[in-house]
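Have the model open while you read.

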Amino acid sequence: MGCVEETTPKENEKASAVVAAEDDAAAVKAEQKSIEEAADAAAKLVEEETREEIEQMKADQAK
């Protein structure tokens with residue numbers, strides 16, 4: 001039979017902390033991606049609105 005390795009409470013605590021840190025890192029990475037996507041969408045919207053305003057100004061000047 002193989003020998004069963006026993007872990008101490010301190011080792012269990014450390015392993016739990018590592019898992020929690022990895023989970024936190026994954027959550028932060030996902031949130032960062034979401035923020036970047038929102039920022040890209042906002043930038044595109046501002047660009048589109050600015051382009052429309054410029055076209056409107058040009059049309060007004062052509063009158």
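Let's start with a pair of side chains. Arg51 and Glu47 are both part of helix α1, sitting four residues apart, which is about one turn of the helix. This is a predicted model, and in it the two side chains come together in a salt bridge, with 2.8 Å from N to O. That sits inside the 4 Å cut-off for a salt bridge, so the pair counts. In general, side chains of opposite charge can pair when their charged atoms come close. The structure holds one salt bridge.

Now for the surface charge. Glu48, Glu49, Glu52, Glu53 and Glu55 gather on the surface in a patch of negative charge. Take Glu53 as one of them: its place is in helix α1, which covers residues 9–62. Glu53 has 52% relative accessibility, and because the cut-off for exposed is over 50%, Glu53 counts as exposed.

Buried or exposed: what about Ile35? Ile35 also belongs to helix α1, and with a relative accessible area of 51% this residue is exposed. For a sense of distance, the C-alpha atoms of Ile35 and Glu11 are separated by 36 Å, with the two residues 24 apart along the chain.

Here are the accessibility values side by side:

| Residue | Relative accessible area | Class |
|---|---|---|
| Arg51 | 43% | partly exposed |
| Glu47 | 47% | partly exposed |
| Ile35 | 51% | exposed |
| Glu53 | 52% | exposed |

Notes:
Residues numbered from 1 in each chain as written. Predicted model: local features only at pLDDT ≥ 70, side-chain atom pairs only at ≥ 80, totals over all residues. Heavy atoms only, no water. Patch = residues over 30% accessible without salt bridge, like charges linked within 9 Å, V, L, I, M, F, W, Y side chains within 5 Å. Areas by Shrake-Rupley, 256 points an atom, 1.4 Å probe, with all protein chains shown as cover. Lys, Arg positive; Asp, Glu negative; His and termini not counted. Charge placed at Lys NZ, Arg CZ, Asp CG, Glu CD. Helix = DSSP H or I, 4+ residues; strand = E, 2+ residues; numbered from the N terminus. Buried < 20%, exposed > 50% of the residue type's maximum accessible area, 1.4 Å probe, protein only.
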